[in-house]
Amino acid sequence: MNTSTSPSGAETAEGVPVRLGALVPLSRPGWVGAGRHLLAGLELAVREVNDSGGIGGRPLELVVRDTAADPERAAAAVDELAGLGVAAVVGEYHSVVARAVAARADALGVPYLCSSAVLDALTEEPTEWVARLAPAQSHGWRTYADFLLGAGRRRIAVVTQPSVYWATGTRVLRDHVAPHGGSVVELDANGLTPEALCDALVDHGATALLLLVGHAEPAVPIVRAVRSDPRLAELLIGAPAGQPEFAEWAELLGRDGAGIPFLRYLPERPGPLGEHVGKELGERLGEEPSFVAFEGWDTVTVLAEALRAHGTDRSAVAGAWPHLAVEGTRGPIRFSRTPGIGVWQWTWPPVQVADRDPADPDRFRILRTG
């Protein structure tokens, strides 16, 4: 998908557009639901920026590229967007893709504001060119581990596929629960059928199973198999990466998809700005917006402030990260240097462990905050 978006209001602002490159997963094997929500947030914020006069009278224009969760495709898109003269690059949901984007943006000297990817090591070395809104994986997943321990779930199984993101998450969980008498066993999603996985869970005496796998395959068949196995009636299924947040999950699994805790990055109660943006996003999406949609809106709003206050030169944008203070949909956004993280980081967005209510799968319950 190659598109440029100048939503309503852009034509009222005069001058050459200020272009932002937007990288989102809009086709398989990318997480299309997340990409759709992220793009909705980005586009809504661009429209609002332009309705309020743009960037010094110049319209903001979004140049969208579909990554399809492919790191090489995303890196090539950064090259293309840099050649098109974008002031900065935004977006991406998949951590392995965002890591490739960050590396290429750093090499080319293009500012990159990462919207949703959480991998701690977004870059190999510290960089001034990259900032991130999403919390680091270690921060969010430790909150999730605390939820498991608080629920008395100490014999944890993870069904996983090869990925630095899943491997890092497994390590965070193991390191956090081990001092509390917890254990984590890894089961290979590619080597076990859903039925064989159920047998392994029984053999290990697991009290929780975490889905560290792709959506919808193989996550959905695994959930169906576990839910239909009477031996595992007391097993907690969890999905820390957030699969149950999206409407497709409920459509595919119905009540089987309820009661599966996941991470999302929203406050317990939205403020006036969050309520306003949430209403607009809901109308645009035709469904309740996920935290990813809010991340998209916050991304453009932060960059618009950088462009207005510091100019559209790429080095000026990158130099703005530590000086920004922006009211986002989920709280005040400021960037700082955080130990172990090589990019400018918002520390921290609000973190929730939530699930779909088994009594009403269209309603979300907040189980823990962090």
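Reader: Over which residues does pLDDT stay under 50?

Author: This is a predicted model, in which local features need pLDDT of at least 70, side-chain atom pairs count only at pLDDT 80 or more, and totals for chains, interfaces and linings use all residues. Residues are numbered from 1 along each chain as its sequence is written, and side-chain values use heavy atoms, with hydrogens and water left out. pLDDT is the predictor's confidence in each residue, from 0 to 100. Where pLDDT is low, the predicted coordinates should not be read in detail. Here pLDDT stays under 50 over residues 6-13, for which the model has 16 contacts beyond four places in sequence; a contact means heavy atoms within 4.5 Å.

Reader: Where in the protein is confidence lowest, and where is it highest?

Author: Helices (H or I, at least four residues) and strands (E, at least two) are DSSP runs, numbered from the N terminus. Strand β1 (residues 2-5) has the lowest confidence, at a mean of 62, and strand β5 (residues 112-114) the highest, at 99. The mean pLDDT of the protein is 95, and 96% of its residues reach 70 or more.

Reader: How many residues does the largest nonpolar core have?

Author: In soluble globular proteins, nonpolar side chains tend to be buried together. A nonpolar core is a set of buried Ala, Val, Leu, Ile, Met, Phe, Trp, Tyr and Cys residues joined through side-chain atoms within 4.5 Å. Buried means under 20% relative accessible area, exposed over 50%, and partly exposed in between (1.4 Å probe, protein chains only). The largest core has 77 residues, and Leu 60, Leu 113, Trp 321 and Phe 335 have the most contacts inside it. Helix α10 (residues 291-310) gives the most to this core, with 11 residues. A second, separate core of 26 residues includes Cys 198, Ala 206, Ala 216 and Ala 239.

Reader: What covers the buried residues of α5?

Author: The cover includes α3 (95-108), α4 (137-150), β7 (155-160), β8 (183-188) and β9 (208-212). Among the buried residues of α5 are Tyr 165, Trp 166 and Leu 173. At the start of this helix, a side-chain oxygen of Ser 163 reaches to within 3.1 Å of the backbone nitrogen of Tyr 165.

Reader: Which residues does a cis peptide bond join at Trp 348?

Author: Most residues other than glycine have a negative phi, and most peptide bonds are trans. A cis bond joins Thr 347 and Trp 348, with omega about -5°. Trp 348 lies in the loop between β15 (344-346) and β16 (352-357), and counts as partly exposed because its relative accessible area is 29%. The peptide bond from Arg 28 to Pro 29 is also cis, with omega near 5°.

Reader: Is Glu 92, with its positive phi, buried or exposed?

Author: Glu 92 counts as buried because its relative accessibility is 0%. Its phi is about 75°, although the residue is not a glycine, and its place is the loop between β4 (88-91) and α3. Ala 68 likewise has a positive phi, of about 50°; at 6% relative accessibility, Ala 68 is buried.

Note on methods. A polar contact is a pair of N or O atoms within 3.5 Å; within protein, one must be able to donate a hydrogen and the other to accept it, and residues adjacent in sequence count only if both atoms are side-chain atoms.
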